[in-house]
Amino acid sequence: VNYEIVEIQELSGNQATIYSVYIDDDSNTLFDQFAAQYQNEFRYETKDILIRLKTIGNKTGAREIYFKHAEGAPGDGVCALYDRPNSVLRMYCIRYGNNIIILGSGGPKSKEIKSWQEDETLSLEASRMIQISKIITNKIIAKEIYFSPDNMRLMGELNFNEDDQ
Amino acid sequence: MKMTNKRNRQQSASVINQLLQEVSPVDKAQIENKMLFAARLEELMKQNGWSKGEFAEKLGKNASEITKWLSGTHNFTMDTLSEIAFFLKLPLAELFAPKKQQVVHNVNYFIVVPQAKSGVAFMTPIEEISPNLKVTGEDILHIAKTFNTGQPV
């Protein structure tokens with residue numbers, strides 16, 4: 001599997017850089033797919049998520065308080081943006097401090113389930129981010145991916161194969 | 001196989017841009033203000049040295065309620081805001097005040113001593129530089145007052 005991390009410039013700003021991921025030869029990043037897929041059925045919620053991400057990028061930074069943590073393995077940074085009250089649309093991401101997030105995809109989370117493991121779509125999307133985080137962590141350890149001096153950007157090898165590790 | 005060229009996000013960027021443009025300025029302000037208020041509340045809790053659990057205990061709430069408040073999605077009622085202001089011992093309006101910038105004053109001044117000893121270091125007490133030169137607490141107070149009033153030292 002090939003991954004390419006790219007900046008979502010429409011959302012990034014001077015408080016946080018917001019990225020998403022292309023997988024193999026997909027023509028859209030995971031987050032672009034998410035927005036396109038849910039824009040009709042959950043239009044208001046999709047727009048709410050976009051404005052919140054833009055606010056994170058430009059005004060507040062990716063403060064820990066805005067994210068639901070422990071969605072992945074301990075310490076892997078995989079989290080979900082908190083849902084609005086009465087909202088069902090969940091979006092997974094990887095957070096690296098207050099200045100960098102990598103957006104994934106997600107889907108509607110029924111109030112009848114407690115965890116993503118109980119839903120096929122959410123399982124796929126959360127597991128994907130857990131896997132991406134694992135590869136990035138290994139690349140950070142190998143110094144193939146690193147942070148810019150101001151911790152605002154990911155640098156280095158942002159286009160990589162799963163079997164590189 | 002690695003992709004060698006950055007893909008063109010123009011089409012997908014246009015979906016995001018279109019959705020962003022559809023949001024009315026009022027809706028945008030509502031969403032932003034919820035997030036900014038959550039950030040402000042977090043700062044006020046930190047200033048008081050309170051964890052979520054400690055703050056919750058003071059207010060007689062569950063920690064999960066505070067987590068919800070800090071998520072940046074909560075629509076606060078006037079009653080809740082008044083309650084928060086009461087326990088933070090702040091006027092209500094202060095809850096919405098932007099974070100005060102910390103100003104660090106740095107004053108440099110020179111003391112000319114005709115017969116100074118050699119080897120004077122940065123933190124050498126003035127009395128060691130010249131036994132005849134004394135700086136009293138009043139002098140320091142005067143410097144501080146003069147500085148704070150914006151008059152030349």
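## Chain A and its contact with chain B

Leaving aside its neighbours within four places in sequence, Thr55(A) is in contact with Thr60(A), Gly61(A), Glu32(B) and Met35(B), where contact means heavy atoms within 4.5 Å. This is a predicted model, in which local features need pLDDT of at least 70 and side-chain atom pairs count only at pLDDT 80 or more, while totals for chains, interfaces and linings use all residues; side-chain values use heavy atoms, with hydrogens and water left out. Residues are numbered from 1 along each chain as its sequence is written, and chains are lettered from A and ligands numbered from 1 in the order in which they are written.

Thr55(A) belongs to helix α2 of chain A. Helices (H or I, at least four residues) and strands (E, at least two) are DSSP runs, numbered from the N terminus. With a relative accessible area of 2%, Thr55(A) is buried. The terms for accessibility are as follows: buried means under 20% relative accessible area, exposed over 50%, and partly exposed in between (1.4 Å probe, protein chains only). The side chain of Thr55(A) also reaches the backbone oxygen of Ile51(A), at 2.7 Å.

### Chain A as a whole

Chain A contains 3 helices and 9 strands. Read along the sequence, their pattern is β-β-α-α-β-β-β-β-α-β-β-β. The C-alpha trace of chain A spans about 40 × 35 × 30 Å along its principal axes. For 165 residues, a compact globule would have a radius of gyration near 15 Å, and the 15 Å of chain A agrees with this. That radius is taken over C-alpha atoms, and the globule rule is 2.2 Å times the number of residues to the power 0.38.

Of the 165 residues in chain A, 55% are buried. Among the contacts in chain A with a separation of 6 or more, 54% come from residues 24 or more positions apart.

### The interface

Glu10(A), Ile51(A) and Ile65(A) supply 19% of the area that chain A buries against chain B, more than any other three residues.

Between chain A and chain B, 6 residue pairs are in polar contact (both at pLDDT 80 or more). A polar contact is a pair of N or O atoms within 3.5 Å; within protein, one must be able to donate a hydrogen and the other to accept it, and residues adjacent in sequence count only if both atoms are side-chain atoms.

### Salt bridges

The structure holds 16 salt bridges over all chains, and 5 salt bridges are found across the interface of chain A and chain B. A salt bridge is a side-chain nitrogen of Lys or Arg within 4 Å of a carboxyl oxygen of Asp or Glu. Some of these pairs are listed below.

| Salt bridge | N to O distance |
|---|---|
| Arg63(A) and Glu42(B) | 2.7 Å |
| Arg63(A) and Glu43(B) | 2.8 Å |
| Asp83(A) and Arg90(A) | 2.7 Å |
| Asp48(A) and Arg84(A) | 3.4 Å |

Where do Arg63(A) and Glu42(B) lie? Arg63(A) is in the loop between α2 and β3 (67-68) of chain A and Glu42(B) is in helix α2 (residues 25-47) of chain B, so the pair joins two chains. Arg63(A) counts as buried at 16% relative accessibility, and Glu42(B) counts as buried at 13%.

Within chain A, Asp83(A) forms a salt bridge with Arg90(A). Asp83(A) is buried, with a relative accessible area of 18%, and Arg90(A) is buried, with 6%. Elsewhere, salt bridges that share partners join Arg63(A), Glu42(B), Glu43(B) and Lys46(B) into one network.

Asp48(A) forms a salt bridge with Arg84(A). This pair links distant parts of the chain, 36 residues apart: Asp48(A) is in helix α2, and Arg84(A) is in the loop between β4 (78-81) and β5 (89-96) of chain A. Asp48(A) is buried, with a relative accessible area of 4%, whereas Arg84(A) counts as partly exposed at 22% relative accessibility.

Notes
Buried area is the accessible area (1.4 Å probe) that two parts lose on being put together, summed over both.
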